[in-house]
Amino acid sequence: MYQAENTNFKTNQSFTQEFTRSCLGRIIIAGVILLVAMLVAYFTAPKEADMNLEMTDNIMQCLEVNTETKGDVVDDYVHNLAFVFTTADTTMIPKDILDTYYKYNRLESYRHTFFSTTYIHNNMHPEGTRVGFGIFGLIIPTVLYQDILLDVGPVHKGYEQKLNQEVIGKPEEIDMGVTPEITEFHYKGDLED
């Protein structure tokens, strides 16, 4: 029979090398890294006031950029990346658009355990649509120009308008015509009594 010359199974690795190469060691290391990341996220999640301030600035930048030639949705995503590092110049936004924004839109921010979110509420999105996300002290806008309500018209066009009496005439002069007599319709065929 074959006999191994060295029956000693002891390795020359240190405890830390064996620990980091074992499955349990890797799980424990990943758990510690995840715990540290969660603690950092908990303490650096933006507060609601910070989210509202930064997201108002980001929305103003979105309004400022979209007064120019409008592209597609990809432009909004590219602009959102730039909004993280820049601030708005509200003098570039027309006053009527700014007034309309403040009249029909409302921001609400929420601080969750490890992150914060901001939602915009308006008639198009009464339940709100997310326009910002904050984690690790960084506020990332996800606002799209189409989420902002800036144009409000009548819901039922024409119903709230006054009638032009010159065209229609006075109410007593309107002839609705003679109402014809309504006669019953009798089915012919198998259903006769």
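**Close-up views of a predicted model**

**View 1. The whole protein chain.** The secondary structure comes to six helices and four strands; helices (H or I, at least four residues) and strands (E, at least two) are DSSP runs, numbered from the N terminus. Their order from the N terminus is α-α-α-α-α-β-β-β-β-α. This is a predicted model, in which local features need pLDDT of at least 70 and side-chain atom pairs count only at pLDDT 80 or more, while totals for chains, interfaces and linings use all residues. Residues are numbered from 1 along each chain as its sequence is written, and side-chain values use heavy atoms, with hydrogens and water left out. Of the 193 residues, 24% count as buried (under 20% relative accessible area; exposed is over 50%, partly exposed in between; 1.4 Å probe, protein chains only). The chain exposes about 15300 Å², and carbon and sulfur atoms supply 59% of it (Shrake-Rupley method, 1.4 Å probe). Among contacts (heavy atoms within 4.5 Å) between residues at least 6 apart in sequence, 61% join residues at least 24 apart.

**View 2. The open sheet.** Four strands line up in the order β1-β2-β3-β4, with antiparallel pairing. Two strands pair if DSSP finds at least two bridges between them. Because β1 (106-111) and β4 (138-141) stand at the edges with a single partner strand each, one side of each is left without a neighbour in the sheet. Neighbouring strands are turned by 20° against each other on average, direction ignored (axes are lines fitted to C-alpha atoms; angles run from 0 to 180 degrees between N-to-C directions).

**View 3. The β3-β4 pair.** Strand β3 (residues 129-135) runs antiparallel to β4, and four bridges join them. Phenylalanine 133 stands opposite isoleucine 140 in β4.

**View 4. The largest nonpolar core.** This core has 17 residues. It is a set of buried Ala, Val, Leu, Ile, Met, Phe, Trp, Tyr and Cys residues joined through side-chain atoms within 4.5 Å. Ile59, Leu63, Tyr101 and Ile148 have the most contacts inside it. The elements giving two or more residues to this core are α3 (48-65) and α5 (95-104). Helix α3 gives the most, with six residues.

**View 5. Isoleucine 148 and its partners.** Not counting residues up to four places away in sequence, isoleucine 148 touches Ile59, Cys62, Leu63, Tyr101, Asn105, Ile120, Asn122, Met124 and Val143.

**View 6. Histidine 125 in its loop.** Histidine 125 sits in the loop between β2 (116-121) and β3. Its relative accessible area is 18%, so histidine 125 is buried. Leaving aside neighbours within four places in sequence, histidine 125 is in contact with Ile120 and Asp147.
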